[in-house]
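Please keep the sequence and the structure in view while reading.

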Amino acid sequence: MPHYRTVGEVPPKRHTQFRAPDGRLYHEELVGEEGFSSDSSLLYHKEIPSAIVDASTWSLPDLSTVDNHPLRPRHLQSHSLFADPAACNVDLVNGRRLLLGNSDVRLSYVVAEADSPLYRNGLGDECVYIEFGTAIMESVFGSLAVGPGDYVIVPTATTHRWLPTGDTPVRAYCIEANSHIVPPKRYLSRFGQLLEHAPYCERDLRAPAEPLTRTGEHVKVYLKHRGSVPGGIVGTVLTYPTHPFDVVGWDGCLYPYAFNIADFEPITGRVHQPPPVHQVFEGHNFVVCNFVPRKVDYHPLAVPVPYYHSNVDSDEVMFYCGGDYEARKGSGIGQGSISLHPGGHAHGPGPGTPEASLGAEFFDELAVMVDTFRPLGLGEGALDCEDPAYAWSWNARRDGGAE
């Protein structure tokens with residue numbers, strides 16, 4: 001993160017003696033990225049954070065993918081995966097259904113009403129977008145209350161768990177990276193401050209404000225980590241003698257935080273602006289953008305919906321999570337839809353929508369976009385919820401009839 005925080009008790013000088021009231025030394029843990037060369041935080045534990053008493057296999061859900069071949073655009077109806085209320089009796093970690101993935105990022109969807117186990121992703125950062133519902137995300141850094149429209153960034157190997165609250169299950173779109181997820185470099189000063197032209201600033205970010213401690217013995221933590229096969233992902237359940245939530249204080253620039261999509265300030269212009277103006281985060285070989293309610297182009301001859309474009313170097317994934325997405329009206333896209341427009345295929349607005357958009361002053365739409373620079377494969381969830389008619393939705397006459 002681009003700014004420093006301190007939570008709870010920390011000593012005045014790092015790497016020096018810091019003792020509990022009973023005289024015992026607290027155990028200092030450095031959580032850092034890129035081999036001591038990037039952001040880090042120092043956590044002070046009551047117990048030794050490395051101590052484990054058991055390790056067993058965690059049988060992960062199916063994370064395999066198949067090629068998008070023959071190549072075509074896809075429409076995934078994510079809500080249908082959890083249409084049966086019984087399917088929602090899962091947690092936000094184990095209940096994820098893999099939709100799309102490659103060696104850089106995996107995109108999943110889940111509707112969860114159960115508490116998750118303690119979990120850490122040792123492969124990379126996670127960005128969890130809350131579509132509906134509310135939850136508490138507890139971690140070694142403290143807790144965060146989250147709700148609709150929140151992006152929750154969880155740094156690599158952060159021990160945490162998800163506790164749904166409220167009367168309805170939590171609907172979440174999960175972006176799991178094999179790298180770190182950060183604000184775009186062009187938004188940051190050379191010292192890491194969000195600049196004036198950035199569409200959000202540090203005031204918009206919510207982070208844990210106080211320590212969170214829990215007690216317990218023989219506490220299990222589910223760990224997702226690298227396997228020996230390139231790109232391989234395996235799971236381990238580590239058992240700790242005491243509860244990992246024993247941090248009395250921490251400070252630094254690396255921690256979980258939440259950012260609500262409603263706090264993103266859209267960048268608009270006289271004519272249609274390209275997708276990079278909508279960017280919110282980036283990882284290795286992918287970016288995250290969002291399309292929010294906004295005034296649209298104000299040139300007298302402007303065409304407000306996107307022009308047709310070929311993804312030469314990337315696959316484009318849109319998660320439609322609010323409003324009415326103007327450019328894809330009539331294609332079957334609705335709340336919870338996920339479209340995949342692959343590299344090598346030109347895509348854009350549906351038949352008649354450019355003409356229909358003329359004169360529009362405001363679009364009420366909400367979508368999260370992930371663009372990847374390696375091709376995405378189809379996961380088991382995608383194969384289970386695809387709308388097979390979508391690829392042909394551009395194939396219509398000007399009068400709206402089928403050819």
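The sections below take up the basis of the model, its sheet, its rings, and its cavities and pocket.

## Basis of the model

The model is predicted, so local features require a pLDDT of at least 70 and side-chain atom pairs count only at pLDDT 80 or more, whereas totals for chains, interfaces and linings use all residues. Residues are numbered from 1 along each chain as its sequence is written, and side-chain values use heavy atoms, with hydrogens and water left out.

## An open antiparallel sheet

Strands are DSSP runs of E with at least two residues, numbered from the N terminus, and two of them pair if DSSP finds at least two bridges between them. By these criteria eight strands make up an open sheet, in the order β15-β19-β12-β9-β14-β7-β6-β29, with antiparallel pairing. Its edges are β15 (205-206) and β29 (377-378), each of which pairs on one side only.

At one end of this order, β6 and β29 run antiparallel and are joined by two bridges; L100 has L378 of β29 as its bridge partner.

## Aromatic pairs and a ring over which a charge sits

Rings of Phe, Tyr and Trp (its six-membered ring) are paired here if their centres lie within 6.5 Å, and planes under 30 degrees apart count as stacked, over 60 as edge-to-face and the rest as tilted. The structure holds 17 such pairs. The ring centres of Y151 and F281 lie 5.4 Å apart with their planes at 85°, so this pair is edge-to-face. The pair connects distant parts of the chain, since Y151 belongs to β12 (residues 150-154) and F281 to β20 (residues 279-283), 130 residues apart. Taking buried as under 20% relative accessible area with a 1.4 Å probe and protein chains only, Y151 is buried at 0%, and F281 is likewise buried at 0%.

Y187 and Y200 also form an edge-to-face pair, with 6.2 Å from centre to centre and 90° between the planes. Both lie in the loop between β14 (170-177) and β15, so the pair ties together parts that are 13 residues apart in sequence. Y187 is buried, with a relative accessible area of 2%, and Y200 is buried at 3%. Ring pairs link these residues into a cluster that includes Y151, F281, Y187 and Y200. Separately, R5 lies over the face of Y255, at 5.8 Å from the ring centre, where the criterion asks for NZ of Lys or CZ of Arg within 6 Å of the centre and within 35 degrees of the ring normal.

## Cavities

On a 1 Å grid over the protein atoms alone, a cavity is a set of points where a 1.4 Å probe fits but cannot get out, a pocket is an open set with protein on both sides within 12 Å along at least five of seven lines, and lining residues have an atom within 4 Å of a point. Points are joined across faces, edges and corners, and a volume is the space filled by probe spheres set on them. There are two cavities of 30 Å³ or more.

The largest cavity holds about 130 Å³. Among its 15 lining residues, P61, L63, R96, E176 and K224 are the closest to its centre, and β6 (97-101) and β7 (105-112) each give two or more residues to the lining. The second largest cavity has a volume of about 80 Å³, and its lining includes H272, H278 and R294.

## The largest pocket

The largest pocket has a volume of about 730 Å³. Of its 42 lining residues, the closest to the centre are E29, R120, T156, A157 and T158.

Note on methods: Helices (H or I, at least four residues) and strands (E, at least two) are DSSP runs, numbered from the N terminus. Buried means under 20% relative accessible area, exposed over 50%, partly exposed in between (1.4 Å probe, protein chains only).
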